[in-house]
Amino acid sequence: MIRRSLLFGPLFRDGKRENVERFDAIVVGAGPAGSAAALTLARKGFSTLLVERGRVPGAKGMFGGRVYAWALQDLLPEWAKDCPVERYVVRENLAFLTEDSSLGVSFESPKLTQGRTASFTALRSAFDSWLAKKAQDVGAMLVTGIRVDDLWREGGRVRGVTVAPNDRVAADLVVIAEGAASVLVRAAGLRTDLEPREVSVGVKETIELPAETIQERFGLGQKEGAAFVFAGQASLGLRGGGFLYTNRATISLGLVVSAEDLARKKIEVAELQTKFRTHPAVQRMIRGGKILEYSAHLVPELGASMAPRLWGDGVLVAGDAAGFLINNGYTFRGVDLAIASGIAAGEAAEYARAAGGMTASNLAAYDRFLRARNVLTDLERFRLAPLFLKNERLFGMYPRMLMEIAERLYTVDGSGKDRLLSIVLDEASSADIPKWKLLLDLLQGARSM
Amino acid sequence: MSAQETAVRPMRIVVCIKQVPKAQELQVDPATQTLKRVGVPSEINPPDANALELALTLKERHAAEVVVLSMGPTSFDESLERAVAMGADRAVLLTDRILGGSDTVPTAYALSETIQKIGGYDLILCGEETTDASTGHVGPGIAGHLDLPQITYVSDIRIVDGKVRARRTAEDGTEYWETALPTLCTVNFGCNKPRSPTLTGKIRVKRGGVLVHWSCAEVGIDPKKVGLFNSPTIVAKVDTVKLPPRAGRIFTGEPKDAVRALLEALLRDRVIAP
């Protein structure tokens, strides 16, 4: 009996050891930014843990569905070999919508399909799993199904991640790449809560159509795809826009709309999407399709000026969590900036290691590496875009005006036609826009684009 | 450290678990009338998960070592790895083609042999039964083979002075039993809330070395005592229960009126009493 009480009694009560696992770097979030960071870090010899909250990479993520390839080309020059590309975008379209009409511009060029300047459509689950696998292939350890709620901080520096009081993992560097709604960026003290004006809501429907139907309907070859950006009625005049991308046998159809406007106008985003989907011009493209899935997500609209601090002692921020997204009215860019920032995070870590450690002052080199990859420079270049895109005339009045001009240009009823310029001026004055405002908007638009 | 202390080793708890098709995903093969086990999502047999949770609580209290054991195909690795990620120290899978088709008699024999090979056990925990077979034979069978005292339908265990004090939830009340170690307990389904895997645990699994596969030869299991032909169970007949047809009436209108109409209809049809 005594032997037993010795065995299981107080002797071992204090012997409870906290076996802390340790890595050189922990990356939180196995999306494009996180996997690119983990891949770069592992290549540079960092023991790297990549933690993902979804059951598999991409399970919890959402994006519009198009990837600009340049950053991927930098990360994996051989990407095209096995990347799960749905279709390469060969035609870009911009369309203005009113209640029942559509006015579009279409662009085709061999540049759209070549090397660094190519872009393609992808499905998030397949793309993210593929990229995370590439990180694993060079030695990063991927753990899924774990949500990291907090950082392990000690004396002002980040020492690792905390999942639960006795579930902490240590690292010299934590890269936060957990997306727009990042709680860790706040935990790290790098930014305050997001305000409605700083985010948009993205919704997307995946609509099933046979590959042959898509090819016929959009005039595409087997691996070719089309991309559409919609302005105007797409968002019922709220700030934002719609998009349509062709995948192999599905279509991604969605909206990105200002959260502030949604709240102010008390419009449900699902209702908006239904209106958008049933617009005659959109209907024509998706006719006969079956909605497979519906998803919604926060999209950062911070612009470079409102972005969080991107580094601290033992911590870096990449991708959407850092607000790296460009929406300039005709392109939605996120994945390319995410990947580029992931690479830059790895480069900054390498620099800091050589400089003596993961201190904030050493990791400040991140800024330089981000600029070298044009992430911050592009963001700054388009920092006026959010302001310009805030102009409600752009989403309500101008599309309507353009449409009326087009209607007068293209409807022939034998009543005699005016010249283009007089039609434009006529429409502008009947739309109640002072000419100086029109000129100002044009100038602002030109500057921000 | 004194000589006495170096001789001290932590209490060893062996938890027997089985991987079963997820309850919501249960499908019966219409041709063979047996449970579909391939290609359906699986989980740790829920009562076994309760046994594991109890073991992990005891581990926290007594710095015990928890070894998880299962018998089955290598696809069972998934559940054993989950058990380690939840906090078990290591896992053993007894896996061998000759075990195929074993019912509860050979299973209890084979597991008891494997537990002897693990050795040094103080406490063996099993779930009260499995959700895919519901016999509840295996736990008591192991106790029989190892000649251990057993307490079934246990919902809590305390170790006091080297003895097990177990709360046993019986149909007509709660019983408290005490017995010396080593012993075997089968654990009540739903008596606790199994914890989630931890990040640290998942990393341990990824680092490897926590799971071993043993064959019958490695354990020393007699091939003449296992497999389909050494299993006395005979399945005479399987019936599929047909769901009675539904009336399919839908009550519409204002919620208040619709509910009233529904209640009246249920009363009229004598489904409920006034």
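In strand 6 (residues 123-127) of chain B, the bridge partner of B:Val14 is B:Ile124. The model is predicted, with local features requiring pLDDT of at least 70 and side-chain atom pairs counted only at pLDDT 80 or more, whereas totals for chains, interfaces and linings use all residues. Residues are numbered from 1 along each chain as its sequence is written, chains are lettered from A and ligands numbered from 1 in the order in which they are written, and side-chain values use heavy atoms, with hydrogens and water left out. Helices (H or I, at least four residues) and strands (E, at least two) are DSSP runs numbered from the N terminus.

Strand 1 (residues 12-16) of chain B and strand 6 of chain B pair in the parallel sense over four bridges; pairing requires that DSSP find at least two bridges between two strands. Strand 1 of chain B also pairs with strand 4 of chain B, again in the parallel sense, over five bridges. Within this pairing, B:Ile13 stands opposite B:Val66, B:Val14 stands opposite B:Val67, and B:Cys16 has B:Leu69 as its bridge partner. Strand 4 of chain B and strand 5 (residues 90-94) of chain B are likewise parallel, over five bridges, and B:Val68 is the bridge partner of B:Ala91.

These pairings belong to an open sheet of nine strands in chain B, with the order 9-8-7-10-6-1-4-5-11 and mixed pairing. Its edge strands are strand 9 (173-180) and strand 11 (211-214) of chain B, each of which pairs on one side only. From one strand to the next, the twist averages 30 degrees.

Helix 4 (residues 104-118) of chain B lies across strand 1, strand 4, strand 5, strand 6 and strand 11 of chain B, running at about 145 degrees to strand 4 of chain B. Axes are lines fitted to C-alpha atoms, for helices over the stretch in contact, and angles run from 0 to 180 degrees between N-to-C directions. Helix 5 (residues 138-146) of chain B lies across strand 1, strand 6, strand 7 (150-160) and strand 10 (183-187) of chain B, at about 175 degrees to strand 10 of chain B. Contact means heavy atoms within 4.5 Å.

The axes of helix 3 (residues 77-86) and helix 6 (residues 199-207) of chain B come within 7 Å and cross at roughly 130 degrees. B:Glu81, B:Val84 and B:Ala85 in helix 3 of chain B meet B:Gly201, B:Lys202, B:Arg204 and B:Val205 in helix 6 of chain B.
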